[in-house]
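Here are a few exercises to work through with the model open beside you. Try each one yourself before you read the solution.

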Number of protein chains: 2
Amino acid sequence: MLSQRGRYALKALLHLGRSGGEPRGVTAIAASEQIPRKYLEAIMSELRRAELVESTRGWSGGYRLAKPADLITFGEIIRLTDGPLALLPCASRNFYKRCEDCVDEAACALRRVMASVRNQVAEILDRTTLADAIAGSPASRALLDAEPVDPGSADTA
Amino acid sequence: MLSQRGRYALKALLHLGRSGGEPRGVTAIAASEQIPRKYLEAIMSELRRAELVESTRGWSGGYRLAKPADLITFGEIIRLTDGPLALLPCASRNFYKRCEDCVDEAACALRRVMASVRNQVAEILDRTTLADAIAGSPASRALLDAEPVDPGSADTA
DNA sequence: TCAAATCCTATCCAATAGGTAGGAACTGAG
DNA sequence: CTCAGTTCCTACCTATTGGATAGGATTTGA
Ligand code: FES
Ligand code: FES
């Protein structure tokens with residue numbers, strides 16, 4: 001399960017994606033998405049430091065996406081807020097860490113299974129963008145149907 | 001990421017699966033898998049209460065699997081030790097819980113994406129058994145081989 | 001009877017999640 | 001210039017959880 005913080009971040013970013021390029025204030029987002037205002041403030045600050053959003057202060061300031069919505073993937077957001085997608089450190093690509101107590105990593109049965117899980121998860125989350133989700137997620141729908149992916153069709157961005 | 005506890009449980013169960021039907025004591029498992037003995041003791045107790053393993057006490061006692069290794073799936077183990085497979089409560093089948101702050105769940109873009117992730121994860125974990133993993137995971141290998149193209153590299157080799 | 005095993009209850013500690021408080025700094029409208 | 005509305009920053013709080021240990025009661029075969 002991802003953290004509430006991560007869920008809020010995703011909801012806020014989707015909100016921004018829906019709002020075109022207009023800056024939206026934290027207060028507006030918080031009210032609209034039912035997120036505690038002060039908490040969201042901290043989250044947006046983190047997203048800004050990670051350069052997923054840009055901010056303008058003062059008068060009619062607020063936040064907007066730093067990139068087009070079809071260039072921001074769920075994968076990068078979740079990795080930012082919740083860390084690894086993998087179920088085990090040894091099965092993660094971006095946050096790899098050795099399992100101290102596993103004698104032979106290459107032969108570890110557990111790791112093999114978890115690596116395949118990670119691959120499937122990353123496949124979806126790194127391909128699905130905010131724009132996809134907003135549009136009704138055509139990309140993830142293809143994956144949802146559990147058909148082996150046909151490389152020729154269903155091109156995203 | 002799953003908890004250390006969950007990882008220990010999986011390692012212990014795999015160990016039992018490899019040991020045929022002979023009971024293995026906690027001390028033996030702990031030493032062999034490099035798990036803190038007293039901690040593993042508590043974990044095994046939980047697995048027994050969940051009827052994944054059976055125990056015999058006294059002289060040459062220990063634990064053994066309560067069912068054949070090809071009838072115990074990773075899914076049920078992980079759900080027991082770490083709860084939901086899904087990334088969001090609203091995307092979980094077995095631990096479903098409504099998102100209080102989401103107005104219209106049926107229209108929630110976030111939920112759609114997360115539901116597709118959950119389906120893929122459950123697909124693997126509910127099909128892969130301890131026996132599969134021990135045998136070199138033929139089931140998960142099939143899924144692993146379905147791994148499509150890397151988004152960053154040249155398409156359709 | 002004794003040693004080895006499971007079983008049970010109670011702690012303990014550090015880290016994290018989730019959130020709040022209060023205010024400094026910026027910025028356009030008036 | 002002033003002011004309201006905004007982001008920004010630091011600090012703090014509390015409950016829960018993860019990970020583990022302590023100490024012993026209970027069972028059981030050699
Ligand atoms: S190497 Fe990570 S579980 Fe074995
Ligand atoms: S319904 Fe769960 S995130 Fe919207």
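**Exercise 1.** Which helices and strands of chain A and chain B each supply at least two residues of the surface near DNA strand D?

*Ground rules.* This is a predicted model, where local features need pLDDT of at least 70, side-chain atom pairs count only at pLDDT 80 or more, and totals for chains, interfaces and linings use all residues. Residues are numbered from 1 along each chain as its sequence is written, chains are lettered from A and ligands numbered from 1 in the order in which they are written, and side-chain values use heavy atoms, with hydrogens and water left out.

*Solution.* Start with the terms: "near" is having a heavy atom within 4 Å of the strand, while helices (H or I, at least four residues) and strands (E, at least two) are DSSP runs numbered from the N terminus. From chain A, pick helix H3 (37–49), strand E1 (53–56) and strand E2 (62–65); from chain B, helix H1 (4–18) and helix H3 (37–49). Next, look at H3(A), which gives the most, with five residues. Finally, sort the surface by class: six residues are nonpolar, eight polar and nine charged. (Ala, Val, Leu, Ile, Met, Phe, Trp, Tyr, Cys and Pro count as nonpolar, Asp, Glu, Lys and Arg as charged, the others, Gly among them, as polar.)

**Exercise 2.** Is Ser19(A) buried or exposed?

*Solution.* First, locate Ser19(A) in the loop between H1 and helix H2 (26–33) of chain A. Now check the cut-offs: buried means under 20% relative accessible area, exposed over 50%, partly exposed in between (1.4 Å probe, protein chains only). Ser19(A) has 17% relative accessibility, so it counts as buried. Last, spot its side chain: a polar atom there lies 2.8 Å from the backbone oxygen of His15(A).

**Exercise 3.** Why is H1(A) called largely enclosed by the rest of the structure?

*Solution.* Count the buried residues: 11 of the 15 in H1(A) are, so the rest of the structure largely encloses this helix. Among them are Gly6(A), Tyr8(A) and His15(A).

Terms used:
A polar contact is a pair of N or O atoms within 3.5 Å; within protein, one must be able to donate a hydrogen and the other to accept it, and residues adjacent in sequence count only if both atoms are side-chain atoms.
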